[in-house]
Amino acid sequence: MDTLMALVPTIVDGRTVRIDGLIEDIGERKAAEKAFRAGSERFRVLFETASVAMALTGPNDTLARVNAAACRFFGAEEEPLHNRPLLSLVHPEDREEARRVLGSADDAPAPSEVWEGRFQRDNGEVVWGELSSSWLREEGVAHSRVLIILDVTRRKAMEAVELRRQKTEAVGRLAGGLAHDLNNSLTSVLGSIGLASQGAPPGDPQRALLARAELGILRAQQLTQRFLTFASGGDPIKRPTPMGELNAFDDR
C-alpha cells in the first residue's frame, strides 16, 4: 500500500492557498477484501456440500451451524441442533474423555485435536465418530472452532466382530490343547483297565468294577471329542437342499 503526499491548491477569500494532503492507494486492500470474500464463499460451498459431518461452534462451544451430513450423523434436523452444547451430543460415558481430549478455549489448546468415541442421538441410538477439532483464533485468542466428524460406526462394528473371532479362536486353541492332552491320558488309563480286566479271573467282582470304569472313560473321551470339534470350528451343518435353491443362491 502506497501513501503519497500531495499539495492541493485551494482558493479562500480570493486568495490561492495550498493545503497539504495525503493520497492513499487502497488497491491492495480492496484486492485482499475481494480474496477474503471469495475464500469465504468457497468455504461456505465446501461446508454445505461436504459428504462428511461439519459444524461450527460458538464461543461457549455450542453448535452455531451444521451441514446436512452432520444432521444425518446426529439424526436430527438442523434447527434443533442450533445452540446445543457439543458435549450434550456425546455419549454420557464418553463425555469426560471428550472434554479432556478436546479441551476448551481457556485451556490454550493445540491447533487441532482428534477424538474418537460414541455419540448418542436423541432416539437413544449410538453411533461412533472420529472428531477433528480446529480452533479459530483472532489476534491469538481462540473463540470458536470447526468440527469435522467421520462416521466410523461400521468400522467399529467390524472391529468388534474381529475381536470376538480372535477370542473364539483363542478359546478354541486352549480347549483343543486341553482336550488333546486329556484324551491321551484317558487312552492310557483305558489301556490299563483293559489289561487289568484280562488278568482278572472270570466271576471276579473286580471285572464288573473295571467294566464300569471303562465305560466312564469312553464317555469322557466322547466329551473330549466335542472339545476337539469345537476347537476345529464345529461340525458342518448338513441338510438336503434342492438344486434350484443352490442356483438361486449363485444368482444372488
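1. In this predicted model, strand 6 (residues 126-138) and strand 7 run antiparallel and are joined by 10 bridges. The two strands form a hairpin with two residues between them. E139, in the turn, has a positive phi of about 55°. Most residues other than glycine have a negative phi. Within the strand pairing, S132 stands opposite I148 of strand 7.

2. Strand 7 (residues 141-151) also pairs with strand 3 (residues 53-57), in the antiparallel sense and over four bridges. Here M54 of the pairing stands opposite I148 in strand 7.

3. As to the overall arrangement, the protein has seven helices and seven strands. Along the sequence these elements follow the pattern β-β-α-β-β-α-α-α-β-β-β-α-α-α. Of the 252 residues in the protein, 25% are buried. Among contacts between residues at least 6 apart in sequence, 39% join residues at least 24 apart.4. The largest nonpolar core has 21 residues. Those with the most contacts inside this core are F74, L81, F119 and L131. Two or more residues each come from strand 3, strand 4 (63-66), helix 2, helix 4, strand 5, strand 6 and strand 7. Helix 2 gives the most, with four residues. In soluble globular proteins, nonpolar side chains tend to be buried together.

4. The structure holds four aromatic pairs. F73 and F119 form one of them, in an edge-to-face arrangement with 5.4 Å centre to centre and 75° between the planes. This pair links distant parts of the chain, as F73 belongs to helix 2 (residues 68-74) and F119 to strand 5 (residues 112-120), 46 residues apart. F73 is buried, with a relative accessible area of 5%, and F119 is buried at 1%. W115 and F119 form an aromatic pair that is also edge-to-face, at 5.7 Å centre to centre and 70° between the planes. Both W115 and F119 are buried. Ring pairs link F73, F74, W115 and F119 into a cluster.

5. Which residues does F119 contact, leaving aside its neighbours within four places in sequence? The list comprises F73, F74, L89, V90, H91, E125, V126, V127, G129, L131 and I149. Among these partners, F74 and L131 are named with F119 as having the most contacts inside the largest nonpolar core.

6. A charged group and an aromatic ring meet elsewhere in the model: the charged end of K156 sits over the ring of W128, 4.5 Å from the ring centre. K156 is listed among the buried residues of helix 5.

7. Helix 5 (residues 153-199) has 47 residues and reaches 68 Å from its first C-alpha to its last. This span is close to the 69 Å expected at 1.5 Å a residue. The buried residues of helix 5 are K156, G172, A175, G176, A179, L186, L190, I193 and S197. An α-helix has 3.6 residues a turn, so residues three or four places apart point the same way.

8. T229 has its place in helix 6 (residues 205-231). Is T229 buried or exposed? With a relative accessibility of 17%, T229 counts as buried, because the cut-off for that class is under 20%. The C-alpha atoms of T229 and G176 are separated by 8.1 Å, although the two residues are 53 apart along the chain. G176 is one of the buried residues of helix 5.

9. Two loop residues deserve a joint reading. T62 is found in the loop between strand 3 and strand 4, and is buried, with a relative accessible area of 12%. Not counting residues up to four places away in sequence, T62 touches L56, T57, N83, R84, P85 and L86. N83, one of these partners, is found in the loop between helix 3 (78-81) and helix 4 (95-102). N83 is exposed, with a relative accessible area of 61%. The phi of N83 is near 65°, a positive value in a residue other than glycine.

Note on methods
Residues are numbered from 1 along each chain as its sequence is written. This is a predicted model: local features need pLDDT of at least 70, side-chain atom pairs count only at pLDDT 80 or more; totals for chains, interfaces and linings use all residues. Side-chain values use heavy atoms; hydrogens and water are left out. Buried means under 20% relative accessible area, exposed over 50%, partly exposed in between (1.4 Å probe, protein chains only). Rings of Phe, Tyr and Trp (its six-membered ring) pair if their centres lie within 6.5 Å; planes under 30 degrees apart count as stacked, over 60 as edge-to-face and the rest as tilted. A charge sits over a ring if NZ of Lys or CZ of Arg is within 6 Å of the ring centre and within 35 degrees of the ring normal. Two strands pair if DSSP finds at least two bridges between them. The expected span of a helix is 1.5 Å times one less than its number of residues. A nonpolar core is a set of buried Ala, Val, Leu, Ile, Met, Phe, Trp, Tyr and Cys residues joined through side-chain atoms within 4.5 Å. Contact means heavy atoms within 4.5 Å.
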